[in-house]
Amino acid sequence: MNDEKYTVVIIGGGITGITAAYYLQKAVKERQLPIECKLVEATHRLGGKVQTVVRDGFVIERGPDSFLARKTSAFRLVREVGLENEIVHNATGKSYILVNGKLYPIPGGAIMGIPTQIGPFITTRLFSPLGKLRAAFDFILPPTKVEGDLSLGQFFRRRLGDEVVDNLIEPLLSGIYAGDIDQMSLMATFPQFFQIEQKYGSLVLGAKRTAPKAQKERKGAFQTLKTGLQSLVDEVEKRMEQGSVIKGVRVERVWREGTGYRLRLSNGDIWKADSIIVAAPHSSVPAMFADYPFFEPFQSIPSTSVATVALAFPESAIEQDIDGTGFVVSRRNDYTITACTWTHKKWPHTAPDGKALLRCYVGRPGDEEIVEQSDDEIVRVVMDDLSKIMRISGRPELIAISRWKEAMPQYTVGHKERLAKIKTHMDAELPGVFLAGSSYEGLGLPDCIDQGENAVKKVLDYLQTAPRKLAEVNSKMS
């Protein structure tokens with residue numbers, strides 16, 4: 001390595017890590033910066049949970065299947081690598097909640113389960129008259145008084161009551177994080193709900209006033225790529241500097257030395273670094289930074305194991321079809337599946353004509369054993385659950401099961417405070433080392449991409465004020 005250059009090492013090659021590598025290398029080229037960027041990934045592929053199976057005309061996402069269109073960072077990255085013509089919006093259609101063995105349409109105007117239209121809320125059979133009456137307390141209750149954090153469940157139960165939470169809000173919100181709503185942090189997941197409650201004195205009125213205006217053209221709120229989300233990973237990887245990515249090698253130890261850092265890799269190599277982006281799961285950080293006990297709280301942050309189960313059938317095999325794009329499952333059911341997407345309806349490009357593709361989800365806090373079962377057992381359980389809702393004849397023509405063990409970090413109450421405390425220690429003891437990724441400040445693809453971009457900005461700002469300033473290194477090289 002050229003000693004006149006800075007070296008930035010990115011640990012972890014999921015979507016956050018590859019975003020950081022891409023944008024850092026782009027800045028280096030455009031601004032002629034004296035920086036060498038290296039990315040090290042423990043597995044033999046990049047992309048983390050972003051994986052696509054393309055088989056027999058089906059496009060099956062093993063991990064995330066889309067990203068929110070209103071969060072623009074994902075689209076920007078797609079455009080950067082020339083895939084904007086592959087973007088498609090989801091088809092809109094009815095979504096359902098499964099409660100007590102029955103499917104109920106999600107009431108119109110509900111935003112994350114919060115009603116913004118009174119009519120659909122009053123007429124739905126999803127709640128009892130008493131449940132609806134209790135939800136009306138939201139109009140008269142004073143704003144929540146809290147110092148610090150509280151759980152999503154605590155916040156919503158106080159405003160809208162247990163029935164609305166258990167039958168609607170819990171299955172919608174816990175599905176996003178594969179978490180327990182009564183343990184999840186309000187401030188780390190949906191602080192905007194607390195803010196509108198404080199501002200308007202009512203969650204319902206606040207959600208109604210701040211709801212985005214309906215688009216004239218009925219485009220879905222989500223986007224994906226016709227070629228599969230893995231094609232985004234592949235295109236980003238193609239654009240990386242040759243030799244800058246090392247796969248199948250773990251970072252075993254990181255320590256500070258002089259004005260920089262040393263990294264010991266599992267292949268025996270020792271690397272130097274002037275700055276580091278840690279885009280690895282929180283669970284791996286304490287061992288890597290064993291000399292820094294302030295990372296120990298990461299050991300107690302739980303992660304949920306989940307699995308996605310994609311099943312393909314002839315359309316004719318689904319004898320009792322349902323008009324909609326999918327459903328989520330309330331805990332008030334004796335079901336193992338937590339949600340099901342009729343993928344061929346939500347994303348028509350994912351299945352050939354005449355075929356149906358269902359994507360089911362299993363695994364949640366307190367019910368993760370199913371993820372460890374055999375493929376045959378998982379398919380049996382999922383098919384049993386589906387048969388209670390819709391009639392399907394015959395076995396699936398194609399099965400794709402993806403297990404994600406301890407893959408969903410849980411933002412439990414106090415998450416932001418814990419993270420802020422760790423970052424304060426890092427600023428003092430590990431200057432130039434930055435955390436980014438799904439364990440920290442958002443799980444969705446755009447959130448991870450945002451964190452990768454922000455980490456690059458922090459690295460460049462740090463190197464401007466680091467012991468060897470960029471300007472000085474530039475002058476030596478010119």
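Predicted model: local features only at pLDDT ≥ 70, side-chain atom pairs only at ≥ 80, totals over all residues.

**Entry 1: nonpolar surface**

I began by looking for nonpolar side chains on the outside. I found a surface patch made of Ile118, Ile122, Leu130, Leu133, Phe137, Phe139, Ile140 and Leu205, which together have about 810 Å² of accessible area. Helix 3 (118-123) and helix 4 (129-135) are the elements that give two or more residues to this patch. I then picked one member, Ile122, which lies in helix 3. Ile122 has a relative accessible area of 52%, so I noted it as exposed, the cut-off being over 50%.

**Entry 2: aromatic pairs**

Next I asked how many aromatic pairs the whole structure holds. The search came back with 17. I looked up Tyr177 and Phe190 in detail: their ring centres are 6.1 Å apart with 85° between the planes, an edge-to-face pair. Tyr177 sits in helix 6 (residues 162-177), while Phe190 is in the loop between helix 7 (186-189) and helix 8 (191-200), so the pair ties together parts that are 13 residues apart in sequence. Are these two buried or exposed? Tyr177 is buried at 9% relative accessibility, and Phe190 is buried too, at 6%.

Phe434 belongs to strand 20 (residues 433-435) and Tyr462 to helix 15 (residues 445-465), so parts 28 residues apart in sequence are tied together here. Phe434 is buried, with a relative accessible area of 13%, and Tyr462 counts as buried at 14%.

Going back to Tyr177 and Phe190, I saw that ring pairs link both into a cluster with Phe155, Phe156, Phe193, Phe194 and Tyr411.

**Entry 3: charges over rings**

I also checked for charged ends sitting over ring faces. Lys345 has its charged end over the ring of Trp342, 5.8 Å from the centre. Lys388 lies over the face of Tyr335, at 4.7 Å from the ring centre.

**Entry 4: salt bridges**

Side chains of opposite charge can pair when their charged atoms come close.

- Glu30 bridges to Lys26, with the closest N and O atoms 3.9 Å apart. Both lie in helix 1 (residues 15-31), four residues apart, which is about one turn of the helix. Glu30 is exposed at 58% relative accessible area, whereas Lys26 is partly exposed at 26%.
- Glu397 bridges to Lys355, the closest N and O atoms being 2.9 Å apart. This pair links distant parts of the chain, 42 residues apart: Glu397 is in the loop between helix 13 (375-387) and strand 19 (398-409), and Lys355 is in strand 18 (residues 355-362). Glu397 is partly exposed at 47%, and Lys355 is partly exposed at 24%.
- Arg380 bridges to Asp384, with the closest N and O atoms 2.9 Å apart. Both are in helix 13, four residues apart, about one turn of the helix. Arg380 counts as partly exposed at 43%, and Asp384 is partly exposed at 37%.

Definitions and conventions. Residues numbered from 1 in each chain as written. Heavy atoms only, no water. Patch = residues over 30% accessible without salt bridge, like charges linked within 9 Å, V, L, I, M, F, W, Y side chains within 5 Å. Areas by Shrake-Rupley, 256 points an atom, 1.4 Å probe, with all protein chains shown as cover. Salt bridge = Lys/Arg side-chain N within 4 Å of Asp/Glu carboxyl O. Buried < 20%, exposed > 50% of the residue type's maximum accessible area, 1.4 Å probe, protein only. Phe/Tyr/Trp six-rings, centres within 6.5 Å; stacked < 30°, edge-to-face > 60°. Lys NZ or Arg CZ within 6 Å of the ring centre and 35° of its normal.
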